[in-house]
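Open the model in your viewer and keep the selection panel at hand.

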Amino acid sequence: MTDRDHRSLTRADFDGLDTVTTRWADNDMFGHLNNAVYLELFDSVLNDWLVRGTGVDERTAAAQGVVAESTVRYFAEVAYPGALEIGVRVARVGRTSAVLELGLFAPGVEAIAAHCTWVQVYVDTATRRPTPLPVVVRSLLERHLAAPPTEG
């Protein structure tokens, strides 16, 4: 997807938006959310979504999802104080990895404020080598796989 495509995403394109609350320390000297905070929020929401959907505690699982790449595109400023909403969508499911997308929205605003592409690779906990997606994880991801964009 291009920036233009990401900018056109709305709340309806994401599964189960979670509400997160900004904190006093989240703003930077420019008065908006610091870039690193977005990744913290995306990481928390994604892991919560995975735990709720699979029941797996990756801290004790034989395979763990680790971040191989993350990219954030910013479209509108958000800041403390306030609540934000973040949703998850699955863009691609591979043998040992998945590409997920997260959308961050201001309350009551349909337009996306930030978009994150998140590549998660599953590794064997003992060897730290890539391993096939656990069956329960693959099942969740495939159930939520977003339809590919249509060519116009």
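Select residues 35-54 and 135-143. These are helices α2 and α3, which pack at an angle of about 110 degrees with their axes 9 Å apart. Axes are lines fitted to C-alpha atoms, for helices over the stretch in contact, and angles run from 0 to 180 degrees between N-to-C directions. So α2 is roughly perpendicular to α3 (65 to 115 degrees; under 35 is roughly parallel, over 145 roughly antiparallel, the rest oblique). Helices (H or I, at least four residues) and strands (E, at least two) are DSSP runs, numbered from the N terminus.

This is a predicted model, in which local features need pLDDT of at least 70 and side-chain atom pairs count only at pLDDT 80 or more, while totals for chains, interfaces and linings use all residues. Residues are numbered from 1 along each chain as its sequence is written, and side-chain values use heavy atoms, with hydrogens and water left out.

From α2 come W49, L50, G53 and T54; from α3, V136, V137, L140, L141 and R143. By class, that is 6 nonpolar, 2 polar and 1 charged residues. Ala, Val, Leu, Ile, Met, Phe, Trp, Tyr, Cys and Pro count as nonpolar, Asp, Glu, Lys and Arg as charged, and the others, Gly among them, as polar.

Next, the largest nonpolar core. A nonpolar core is a set of buried Ala, Val, Leu, Ile, Met, Phe, Trp, Tyr and Cys residues joined through side-chain atoms within 4.5 Å. Buried means under 20% relative accessible area, exposed over 50%, partly exposed in between (1.4 Å probe, protein chains only). Select F42, W49, L100, L104 and L141: of the 29 core residues, these touch the most other members. Elements giving two or more residues are α2, β3 (83-93), β4 (97-105), β5 (114-124) and α3. The largest share, 8 residues, comes from α2.

Centre on L141. Beyond four places in sequence, L141 touches W49, L50, V90, V93, A98, L100 and L133. Another core, of 5 residues, lies apart from the largest one; L9, F14, F75 and I112 are among its members.

Zoom out. The protein has 3 helices and 5 strands, in the order α-β-α-β-β-β-β-α. Its C-alpha trace spans about 45 × 45 × 25 Å along the principal axes. Buried residues make up 42% of the 152.

Last stop: T22, in the loop between β1 (15-21) and α2. Is T22 buried or exposed? T22 is buried, at 4% relative accessible area. Leaving aside neighbours within four places in sequence, its contacts are L33, A79, Y80, P81, G82 and L84.

Notes:
Contact = heavy atoms within 4.5 Å.
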